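Take a moment with the sequence and the model before reading on. Then follow the chain with the text beside you.

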Amino acid sequence: MKNTIKVGYIRVSSKTQNIARQIKQMEEQGIDERHIFIDKASGKDFDREQYKAMYNILREGDELYITSLDRLGRNYQETGEEW
């Protein structure tokens, strides 16, 4: 059986927003800090450095944690199409 990992993705819209709450939730899920990806960028599209890094390591069976669907993107239809 393949090894799977828990991955966390955090996004805030601006550099001044606090990520502590989202990090705490990831830690409570048992996600290793090296598997938590954080972007401080707009959710207007998926052209985000840490999003791309996270997306590239995900494999079948891995678990992705986000605190809210809008952390992936602003437009739910585009977010659904991306995944």
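Two strands pair if DSSP finds at least two bridges between them. Helices (H or I, at least four residues) and strands (E, at least two) are themselves DSSP runs, numbered from the N terminus. With that rule, 3 strands form an open sheet in the order β2-β1-β3, and the pairing is parallel. The edge strands are β2 (36-40) and β3 (63-65), and each pairs on one side only. On average, neighbouring strands of this sheet are turned by 20 degrees against each other, direction ignored. For such angles, axes are lines fitted to C-alpha atoms, for helices over the stretch in contact, and angles run from 0 to 180 degrees between N-to-C directions.

A word on the source. This is a predicted model, in which local features need pLDDT of at least 70 and side-chain atom pairs count only at pLDDT 80 or more, while totals for chains, interfaces and linings use all residues. Residues are numbered from 1 along each chain as its sequence is written, and side-chain values use heavy atoms, with hydrogens and water left out.

Now step back to the whole chain. The protein holds 3 helices and 3 strands. Read from the N terminus, the elements run β-α-β-α-β-α. Contact means heavy atoms within 4.5 Å. Of the contacts with a separation of 6 or more, 67% are between residues 24 or more positions apart. The accessible surface comes to about 5,700 Å², computed by the Shrake-Rupley method with a 1.4 Å probe, and for residues only the protein chains shown count as cover. Carbon and sulfur atoms own 45% of that surface. Of the 83 residues, 30% count as buried. Buried means under 20% relative accessible area, exposed means over 50%, and partly exposed lies in between (1.4 Å probe, protein chains only).

Go back to the sheet and look at β1. Strand β1 (residues 6-12) pairs with β2 in the parallel sense over 5 bridges. I10 stands opposite I38 in β2. R11 has D39 of β2 as its bridge partner. On the β3 side, 3 bridges join β1 to β3, and these two strands also run parallel. There, V7 stands opposite L64 in β3. How many residues of β1 are buried? The count is 6 of the 7, so β1 is largely enclosed by the rest of the structure.

Next come the helices on the sheet. Helix α1 lies across β1, β2 and β3, and runs at about 170 degrees to β1. Helix α2 (residues 49-57) also packs on the sheet, touching β1, β2 and β3. The direction of α2 makes about 155 degrees with that of β2.

Where do aromatic rings meet? Rings of Phe, Tyr and Trp (its six-membered ring) pair if their centres lie within 6.5 Å; planes under 30 degrees apart count as stacked, over 60 as edge-to-face and the rest as tilted. A search of the whole structure finds 3 aromatic pairs. In one of them, the rings of Y9 and Y51 have centres 5.7 Å apart and planes at 80 degrees, so this pair is edge-to-face. Y9 lies in strand β1 and Y51 in helix α2, so the pair ties together parts that are 42 residues apart in sequence. Y9 counts as buried because its relative accessibility is 0%. Y51 is buried too, at 2%. Ring pairs link Y9, F46, Y51 and Y55 into a cluster.

Charged side chains are the next stop. Side chains of opposite charge can pair when their charged atoms come close. A salt bridge is a side-chain nitrogen of Lys or Arg within 4 Å of a carboxyl oxygen of Asp or Glu. By this rule the count comes to 2 salt bridges. One joins K24 and E28, at 3.2 Å from N to O. Both residues lie in helix α1 (residues 20-28), 4 residues apart, which is about one turn of the helix. E28 is exposed, at 56% relative accessible area. The other joins K52 and D47, at 2.5 Å from N to O. Here K52 is partly exposed at 40%, while D47 is exposed at 54%.

End with a loop. G43 sits in the loop between β2 and α2. Is G43 buried or exposed? G43 counts as buried, because its relative accessibility is 3%. The C-alpha atoms of G43 and S13 are separated by 6.9 Å, although the two residues are 30 residues apart along the chain.
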